[in-house]
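The following exercises ask the student to read a protein model step by step. Each task is followed by a worked solution.

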Amino acid sequence: MTFDEFLDLHLPALGNYAGVLAGDRQAAHDVLVDALITVQLRWDRIGRMASPAGYARRVITTTFLDARRTAARRRTFSTNEPPERLHHDDGPSRVDDRDQLADMLDGLPDRQRAAVVLRFYLDLPDEEIAAALDCSKGAVRTLISRGLQQLRAVVQASGPSQPRVGRHQP
C-alpha cells in the first residue's frame with residue numbers, strides 16, 4: 001500500500017481521533033499534520049507493518065503529548081492575575097454537549113486524556129492503548145480509572161445529576 005492509499009483509507013478516522021484528543025480544531029490540525037509528516041518520512045518501514053493505522057495513532061498520541069509539554073513550558077501568565085484564577089472548573093450537570101465534554105476532557109492530565117479517548121472514542125483494548133502510550137497494560141487501566149474518577153467528580157460537583165436508568169431510587 002502506498003502512503004496516498006493509506007491516507008485515502010485512514011485520514012478521516014485519524015483526523016477525528018486527533019480532534020477528540022486535542023479538543024481544538026486548530027491544535028488537532030497541527031498535531032495531525034506533524035504526525036503525518038513523521039509517518040510519511042518513515043513510510044517505507046511503516047507501510048510494511050501489520051497495522052500502519054495503529055502506528056499512526058501512536059505517532060499522533062506522541063505528537064499531542066509532546067506539543068502539550070512544550071506549550072506548558074512556554075506558558076506565561078499576566079502578573080495582574082495569578083495562574084490559578086485563569087482556569088475555572090465549572091463542570092456541567094450533565095454531559096450532553098460536545099463542548100462540555102471537550103472542556104471536561106481538557107481538565108484531565110494529558111496521558112489520562114489520551115487513555116480515555118483511546119478507550120472510549122476508538123474502543124481500543126488495553127494492549128493497543130499501552131502501545132500508543134508506551135506503557136504497561138496496568139498503567140493503562142490506572143490512567144483510565146483515574147481519568148474517569150476525575151470526570152465523575154466534575155459532574156458530581158456541578159450539582160444534582162439526572163437519575164440513571166437501572167439505579168435504585170430511595
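Helices (H or I, at least four residues) and strands (E, at least two) are DSSP runs, numbered from the N terminus. This is a predicted model, in which local features need pLDDT of at least 70 and side-chain atom pairs count only at pLDDT 80 or more, while totals for chains, interfaces and linings use all residues. Residues are numbered from 1 along each chain as its sequence is written, and side-chain values use heavy atoms, with hydrogens and water left out.

**Exercise 1. The chain as a whole**

Task: Determine how many helices and strands the chain has, and describe its burial and its surface.

Solution. 
Step 1. The chain contains 9 helices and 0 strands. Read from the N terminus, the order of elements is α-α-α-α-α-α-α-α-α.
Step 2. A residue is called buried under 20% relative accessible area, exposed over 50%, and partly exposed in between (1.4 Å probe, protein chains only). Of the 170 residues in the chain, 30% are buried.
Step 3. Accessible areas come from the Shrake-Rupley method with a 1.4 Å probe; for residues, only the protein chains shown count as cover. The chain exposes about 11,300 Å², of which carbon and sulfur atoms supply 49%.
Step 4. A contact requires heavy atoms within 4.5 Å. Of the contacts between residues at least 6 apart in sequence, 64% join residues at least 24 apart.

**Exercise 2. A nonpolar patch**

Task: State which residues make the nonpolar surface patch of about 290 Å², and locate I37.

Solution. 
Step 1. Like charges are joined within 9 Å, and nonpolar side chains (Val, Leu, Ile, Met, Phe, Trp, Tyr) within 5 Å.
Step 2. V33, I37 and L41 make the patch.
Step 3. I37 belongs to helix α2 (residues 25-41). Its relative accessible area is 43%, so I37 is partly exposed.

**Exercise 3. The surroundings of A132 and T61**

Task: Decide whether A132 is buried or exposed, and do likewise for T61; then list the contacts of each residue.

Solution. 
Step 1. A132 is placed in helix α8 (residues 126-133). A132 is buried because its relative accessibility is 7%.
Step 2. Apart from neighbours within four places in sequence, A132 contacts R58, T61, T62 and L118. The C-alpha atoms of A132 and V59 are 7.7 Å apart, although 73 residues separate the two along the chain.
Step 3. T61 is part of helix α4. With 0% relative accessibility, T61 is also buried.
Step 4. Beyond neighbours within four places in sequence, the contacts of T61 are Y17, L21, A114, L118, A132 and L133.

**Exercise 4. Salt bridges**

Solution. 
Step 1. E128 is partly exposed at 37% relative accessible area, whereas R57 is buried at 17%.
Step 2. E127 lies in helix α8 and K137 in helix α9 (residues 137-157), so the pair ties together parts that are 10 residues apart in sequence. Both partners are partly exposed: E127 has a relative accessible area of 45%, and K137 one of 38%.
Step 3. D126 is buried, with 14% relative accessibility. R119, D126 and R141 together form a network of salt bridges.

**Exercise 5. Positive phi values**

Task: Find where D123 and D134 lie, and report the phi value of each.

Solution. 
Step 1. Most residues other than glycine have a negative phi.
Step 2. D123 is situated in the loop between α7 (110-120) and α8. Its phi is positive, about 55 degrees, although D123 is not a glycine. D123 is exposed, since its relative accessibility is 62%.
Step 3. D134 is situated in the loop between α8 and α9. Phi of D134 is likewise positive, near 55 degrees, in a residue other than glycine. At 60% relative accessibility, D134 is exposed.

Technical notes. Patch = residues over 30% accessible without salt bridge, like charges linked within 9 Å, V, L, I, M, F, W, Y side chains within 5 Å. Salt bridge = Lys/Arg side-chain N within 4 Å of Asp/Glu carboxyl O.
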